[in-house]
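Student: I have a model open and some labels to check. Can we go through them one by one?

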Amino acid sequence: MNIGPTELVILLALVSLLVLPVWALVDALQATDAQWVAVGQQRTVWVALLAICTLCAGPVGPVLAVVYLVSVRPKLAAAKRTAP
């Protein structure tokens, strides 16, 4: 089977639509409760939204993953660095 450039772009786009939300979901699960409290967010809400939107909502999952990765993840990382 020979894959052309158009098929390769489509394949990469489809893979990224799944990989990005899964990465965000795994990252959200790895943050500690103290980090979530420090940033004023709820882990349960983010994990549920990421999981449901990844599985059921088509393009909403990747968009929500980008929102998480751009807005919440940096705050969680900063909270991890300042934690005792």
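The talk below takes helix packing, then a pocket.

Tutor: Keep in mind that this is a predicted model. Start with H3 and H4.

Student: Why are H3 and H4 called roughly antiparallel?

Tutor: Helix H3, residues 43-56, packs on H4 at an angle of about 150°. Angles over 145 degrees count as roughly antiparallel. H3 and H4 therefore get that label. Their axes lie 7 Å apart, and the crossing is left-handed.

Student: Which residues of H3 and H4 make the contact?

Tutor: H3 brings Trp 46, Leu 49, Leu 50, Cys 53 and Thr 54. H4 brings Val 60, Gly 61, Leu 64, Ala 65, Val 67, Tyr 68 and Val 72. By class, the contact of H3 with H4 has 10 nonpolar, 2 polar and no charged residues.

Student: How do you know how H1 runs relative to H3?

Tutor: Again, from the angle. The axes of H1 and H3 cross at roughly 160° and come within 10 Å. The cut-off is over 145 degrees, so H1 is roughly antiparallel to H3. The crossing of H1 and H3 is left-handed.

Student: Where do H1 and H3 meet?

Tutor: On the H1 side, at Leu 18, Pro 21, Ala 24, Leu 25, Ala 28 and Leu 29. On the H3 side, at Arg 43, Val 47, Leu 50, Ala 51 and Thr 54. The contact of H1 with H3 divides into 9 nonpolar, 1 polar and 1 charged.

Student: Now the largest pocket. What makes a residue part of its lining?

Tutor: An atom within 4 Å of a pocket point. Asp 27, Gln 30, Ala 31, Thr 32, Gln 35, Arg 73, Leu 76, Ala 77 and Lys 80 line the largest pocket. H4 gives the most, with 4 residues. The lining has 3 nonpolar, 3 polar and 3 charged residues. The pocket volume is about 180 Å³.

Conventions: Residues are numbered from 1 along each chain as its sequence is written. This is a predicted model: local features need pLDDT of at least 70, side-chain atom pairs count only at pLDDT 80 or more; totals for chains, interfaces and linings use all residues. Side-chain values use heavy atoms; hydrogens and water are left out. On a 1 Å grid over the protein atoms alone, a cavity is a set of points where a 1.4 Å probe fits but cannot get out, and a pocket is an open set with protein on both sides within 12 Å along at least five of seven lines; lining residues have an atom within 4 Å of a point. Grid points are joined across faces, edges and corners, and a volume is the space filled by probe spheres set on the points. Helices (H or I, at least four residues) and strands (E, at least two) are DSSP runs, numbered from the N terminus. Ala, Val, Leu, Ile, Met, Phe, Trp, Tyr, Cys and Pro count as nonpolar, Asp, Glu, Lys and Arg as charged, and the others, Gly among them, as polar. Axes are lines fitted to C-alpha atoms, for helices over the stretch in contact, and angles run from 0 to 180 degrees between N-to-C directions. Angles under 35 degrees count as roughly parallel, over 145 as roughly antiparallel, 65 to 115 as roughly perpendicular and the rest as oblique. A crossing is left-handed if the near helix is turned anticlockwise from the far one by less than a right angle, and right-handed if clockwise. Contact means heavy atoms within 4.5 Å.
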